Amino acid sequence: MLHKVVRYLNNPVLEKPAELITEFDTPELHQLIEDMFETMYASHGVGLAAPQIDISKRLTVIDISGGEKKEEPDDPEPEQIVLINPEVIGKEGKQTGEEGCLSIPGFREPVSRAKKATVRAQNVKGEWFEITGEDLLARAMQHEIDHLNGILFLSHLSSLKRDLIKRKIRKLQKAGEWE
Ligand code: NI
């Protein structure tokens, strides 16, 4: 089922820390994960966090291929990544690149992140695992885990730039073009 993606400034859920997931392998959790991938692909995103569909839980899905590789079952690379209760446990290096967010459509800005990130998380069964990503995957994991802590990429910009974007969004809201 497709969910509506919540937009920045329309719902406080995006700016509060999400809650730990404590029940695993339930039909509801499997369904939620499936719905999140569906919603993410429909929005042409490479990552989606549960708060973005108004569910304040520590769950995020990532596919940096944007769904292109899910049609290739022979591909050994696991493209669909599910992170439950994730924490970044290691960071290395630095990368700066344009970043956007499905909750802030139309705005892209350069953001500095660690070039390489190691994350510890639980899978749908509740088993802990570690995953290390570089470049876009590292960026996506850091961006999505930020979401679970109520942090948007705007927090990584200068206050000047952030205020400018906020003002533009307020205008769009008033014009009924930000829903
Ligand atoms: Ni985002």
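**Strands, metal and rings**

Guide: β3 pairs with strand β6 (residues 116–122) in the antiparallel sense, over 6 bridges. Two strands count as paired if DSSP finds at least two bridges between them, and strands (E, at least two residues) and helices (H or I, at least four) are DSSP runs numbered from the N terminus. This is a predicted model, where local features need pLDDT of at least 70 and side-chain atom pairs count only at pLDDT 80 or more, while totals for chains, interfaces and linings use all residues. Residues are numbered from 1 along each chain as its sequence is written, and side-chain values use heavy atoms, with hydrogens and water left out.

Visitor: Which residue in β6 is the bridge partner of Lys91?
Guide: That is Ala117.

Visitor: And how do β2 and β3 pair?
Guide: In the antiparallel sense, over 4 bridges. Ile62 stands opposite Ile81 in β3.

Visitor: Switching to the metal. What coordinates the nickel ion?
Guide: Cys101 through SG, and His143 and His147 through NE2, at 2.1 to 2.3 Å. Donors are N, O and S atoms within 2.8 Å of the metal (3.2 Å for Na, K and Ca); water is not among the atoms, so sites may look incomplete.

Visitor: How are those donor residues spaced in sequence?
Guide: As C-x41-H-x3-H. His143 and His147 both lie in helix α2 (residues 135–148), 4 residues apart, about one turn of the helix.

Visitor: Is His143 buried or exposed?
Guide: Buried, at 6% relative accessible area. His147 is buried too, at 1%. Buried means under 20%, exposed over 50%, and partly exposed in between, with a 1.4 Å probe and protein chains only.

Visitor: What about rings? How many aromatic pairs are there?
Guide: The count is 2. Phe37 and Tyr41 have ring centres 6.0 Å apart and planes at 25°, so they are stacked. Rings of Phe, Tyr and Trp (its six-membered ring) pair if their centres lie within 6.5 Å; planes under 30 degrees apart are stacked, over 60 edge-to-face, and the rest tilted.

Visitor: Where do Phe37 and Tyr41 sit?
Guide: In helix α1 (residues 27–42), 4 residues apart, about one helical turn. Phe37 is buried at 7%, and Tyr41 is buried at 14%.

Visitor: And the other pair?
Guide: Phe107 and Trp178 are edge-to-face, 6.1 Å centre to centre with 70° between the planes. This pair links distant parts of the chain, 71 residues apart: Phe107 is in the loop between β4 (95–99) and β5 (109–113), and Trp178 is in the segment after α3 (159–174).
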